[in-house]
Amino acid sequence: QVQLVETGGGLVQAGGSLRLSCAASGRTFSGYRMGWFRQTPGKEREFVAAIWWSGGRSNYADSVKGRSTISRDNAGNTVYLQMNSLKPEDTAVYYCNAHRVTGIGASDYWGQGTQVTVSS
């Protein structure tokens, strides 16, 4: 059974930093794209950053580019999102995602989310 468990959220002042962690278990994640998404009440979940488990290629939403770094620890099966220079508009529930597309379709797994609140 696949499990994605996010930790590291909390309350931080604007300009501060947080590091989110996503512990992945239940299968081998090579070939998966591991991502972070966020959602605020009344809005759709939006992409934040992603990294390919194999190779380490990454990409970011424009809203966090230059302020955030996604990384992975293959040995520990953990994905991180380091967020710096946080802004109040970064306040959201952050979700970890594991995504893979194969010849027979796509697979998506989600964590339960972790709350990030940035005060002004």
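Here, a residue counts as buried when its relative accessible area is under 20%. Keep that cut-off in mind for these close-ups of a predicted model.

**Close-up A. Meet Phe-37, a buried ring.** Phe-37 has a relative accessible area of 13%, so it's buried. What kind of pair does it make with Phe-47? The two ring centres sit 5.6 Å apart with planes at 75°, so this one is edge-to-face. The partners come from separate strands, Phe-37 from S4 and Phe-47 from S5, ten residues apart. Phe-47 itself is partly exposed, at 26% relative accessibility.

**Close-up B. Phe-37 has another partner, Trp-110.** Their planes meet at 70° and their ring centres are 5.1 Å apart, so this pair is edge-to-face too. Trp-110 belongs to strand S10 (residues 105-110) and Phe-37 to S4, so the pair ties together parts 73 residues apart in sequence. With 37% relative accessible area, Trp-110 is partly exposed.

**Close-up C. Now for the nonpolar core.** The largest one has 29 residues, and Phe-29, Met-34, Trp-36, Leu-81 and Tyr-94 have the most contacts inside it. Strands supplying at least two core residues each include S3 (18-25), S4 (33-39) and S9 (92-102). Which residues does Phe-29 touch, leaving out those up to four places away in sequence? They are Val-2, Leu-4, Ala-24, Met-34, Trp-53, Asn-77 and Ala-98.

**Close-up D. Arginines over rings.** Arg-45 lies over the face of Tyr-95, 3.7 Å from the ring centre. Over at Trp-52, it's Arg-57 that lies across the ring's face, at 4.1 Å from the centre.

Notes
Residues are numbered from 1 along each chain as its sequence is written. This is a predicted model: local features need pLDDT of at least 70, side-chain atom pairs count only at pLDDT 80 or more; totals for chains, interfaces and linings use all residues. Side-chain values use heavy atoms; hydrogens and water are left out. A nonpolar core is a set of buried Ala, Val, Leu, Ile, Met, Phe, Trp, Tyr and Cys residues joined through side-chain atoms within 4.5 Å. Buried means under 20% relative accessible area, exposed over 50%, partly exposed in between (1.4 Å probe, protein chains only). Helices (H or I, at least four residues) and strands (E, at least two) are DSSP runs, numbered from the N terminus. Contact means heavy atoms within 4.5 Å. Rings of Phe, Tyr and Trp (its six-membered ring) pair if their centres lie within 6.5 Å; planes under 30 degrees apart count as stacked, over 60 as edge-to-face and the rest as tilted. A charge sits over a ring if NZ of Lys or CZ of Arg is within 6 Å of the ring centre and within 35 degrees of the ring normal.
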